[in-house]
Amino acid sequence: MKTYTSFSVLIILVCFQIGYSQEYELSLKIDNADTGMSMENAEISIAPCNCGGLSDANGAFSISLPEDNYRVTISYIGFWTEVHQIELNKDVFLEITLNEKQEELSEVIVRAKKMNENLTLPQMGVVELTPRELKMIPSAVGEFDVLRAMTLLAGVNNAGEISNGLSVRGGSLDQNLILYDYAPVFNPTHLFGLFSVFTPDAISSSELYRANIPSRYGGRATSVLDIKVNNPYVDKLKLSGGLGLVSSRLNLETPLIKDKLMLLAGVRAGVTDFLLPIFSERLKNTKARFYDSTFKLLYLPSDNDQVTFTGFYSKDFYQLDLVTAIQNINAENNQYDFSTLNGTLNWSHTFDDTSRLKTIVIASDYTPKIIFPERDSNNEVTYKSKINYLSFISEYSKEVSSNLDYYVGAQANRYTINPGELDPGSADVLPVSLEKESSYEFGGYGNVNWTPFENLSVSAGLRFNHFVLVGPYTQNFFDDLSGELLGTTEFEKGAGVKTYNGLEPRVGLNIKLGETTSLKASYARLNQYLQNIYNSTTPIPTSRWKTSDPNVLPQRSDSYGLGLYKNLNSNKIELGVEGYYRDVTNTLTYKPGADFFLGETINRDVVQGKGKAYGVELSFKKQTGKINGWFNYTWSRSLLRSQIEKPGDRINNNQWFNSDFDRPHVLNGTINFESNPYNTWSFNFTAQTGRPYTAANGIVTLEGIQAPLFLERNNSRLPTYHRLDFSWNVKGVKRESKRWQSDWTFTIYNLYGRKNPYSIYYTQRNGSENGEVFGNSPLGAFELSILNSPLLSLTYNFVFQ
């Protein structure tokens, strides 16, 4: 009996074990609910086994699992997430359709983005930052900022703590094309360069191209920063914004006509007068006010057509101690008042699932102005200039197959530049009106992306530019050695003055060396017909914009790149090393002692020569997990050389010298700690070689006044720059039924209060003051630091939908 009982128990245990270990097949088929097409790379997550994967090219996924109850989550960028509870006691097949998450389409790039995209695309040197990534980077004012985030990437810098733009791979600030929904932005910063002009909540994506720039872009010699505005795909009202110490903002998205017409309107404003004296005693008389706004209409007239209109306006007002002076004007300060007004009309027509035509009309106005309030008078002397830009673009794109796509297009630009007008009012100063410049640029371009083999992909493009300067125009002729005016030639309105043609090949090559390794190479030629001329560390509103003419030739750059990329841990970690070399001809800089303010013969004050930049960039990126972020290190050089016969106009005797953006060593790191869904701590550290500056070679006495003597340019360096920033984001508890969601962002910019010098200046000494430092020298050299202490900010952010 005992034997029988034992045998029965054994049989039961064996049967139980067999039943327990039985596995069944779970199969999924995932399709787009609107198109019925299969969805590749949909993410499948299964609990409690913590397993899953991606759907294949046919939208299929299958896995064998033991009998149990499972929670299956299917997600895809831009679509609503599907969750299914499954009792797996037999083979199960589910066909699942995903619906577009239309009200959030503007926050993402609606395309299947593979996790190993950095290995598969032939494009080299392109970096994309999403709003989510931007929000996790500590900023100086408590809100995410595109330009600040870009300076944390390999090969990207600015001119210092306050700077009106970006330097990419050693290029000057005006060598970058900055686009905001296709329209150029000539002054991209607020508050002396502390943050950018782009309305934060209106941004959907930002892409920086540094190597083989796509052929649809032209007109700049170094890089392109393409920032796109959200398309307001909404079926109900959505509000978002924030309240902060430095600035506050509000963003609205709402349907105007159901399923036909939608609106996005965002605005930001800041008044910082009361904060500036806290940063520095030198800023006690400084005032700063600014605001920007972005407006976008989305119209859907048919299933195959989409029309958008984007309007952008930005305005700044600063008051500074006297920086720019005009003879015979008795003023205590300068007031800078400058604005940008852009408009973009974009019509996109889809012929079928594989082909599309888009037509774009762009208008842009940039108007800087300086006001000199006369002392003891109500009179104001006003200086202003203006850039007017009009553009028409038409582009057809076609996806022939999964291995071949192309686009072709044409672009026509018109530039009208008013270099400067001086209105003296009642002051005893003669009015000045410099001659306007008008020019046209016509371009045709094409690009093809081709994958002839599984491990080889190519991106090849070609752009042709035809540039012409037209009258009215006065051409001056000077003696090369004496500089004396020899004669002039007058051109009537519309008459051709000077023509330049440029052919710009672009190519990128990607060779996959395995599933997780790729080798890329690139080449690009670019021509630049519009440049900014300045003789300060960074452009100010008085900086002169100028198109090419018979004396100022277009800048031309040839860029070469080679990179090796490796992904680890199932593509969660990205490693990369990129080397580059760029050769530039006709680089533009100023002659010794040049003054561009109200100068009628500017070609006498500028020098065109050669430039070169080269370097190696190492990068590490981890995008997922509770601890994520990136680190990069760059070794690079950026050098210039004048090529001029007249000894007095040579710079450093025509020898190679460091450009303003030569930073041999740069280290950046950003790390985010996401301990739980409600708290995220972020740190950013940056360290780099000090910026070059011009140190005095000696002292001379002029009419009894001792002054520094400068013989060489950029012959010394400021001390090493380094800074640590901190950010803490606290989110409120999310409830499915709660339409109002909010969070707090606390930031500390320059956490340990590093006094990074912005410049070094010279002053005459009074008696024996600071004698222990300067000895018997009649001049003293002093470092100027913009931020001498940590900068704290607290911002309340909210979303209502």
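Val-577 lies in strand E36 (residues 573-590); strands here are DSSP runs of E, at least two residues long, numbered from the N terminus, as are helices (H or I, at least four residues). The model is a predicted one, in which local features need pLDDT of at least 70 and side-chain atom pairs count only at pLDDT 80 or more, while totals for chains, interfaces and linings use all residues. Residues are numbered from 1 along each chain as its sequence is written, and side-chain values use heavy atoms, leaving out hydrogens and water.

Val-577 counts as partly exposed because its relative accessibility is 30%; buried means under 20% relative accessible area, exposed over 50%, and partly exposed in between (1.4 Å probe, protein chains only).

Asn-527 is found in strand E32 (residues 517-528). With a relative accessible area of 7%, Asn-527 is buried. Leaving aside residues up to four places away in sequence, Asn-527 touches Gly-219, Arg-220, Gly-502, Leu-503, Glu-504, Gln-555 and Arg-556; contact means heavy atoms within 4.5 Å.

Another part of the model is a sheet. Strands of a sheet pair through backbone hydrogen bonds, either parallel or antiparallel. Here three strands form an open sheet in the order E4-E1-E7, with mixed pairing; two strands pair if DSSP finds at least two bridges between them. Strand E4 (60-66) and strand E7 (92-98) are the edge strands, each pairing on one side only. Strand E1 (residues 23-32) pairs with E4 in the antiparallel sense over seven bridges. Leu-26 has Ile-63 in E4 as its bridge partner.
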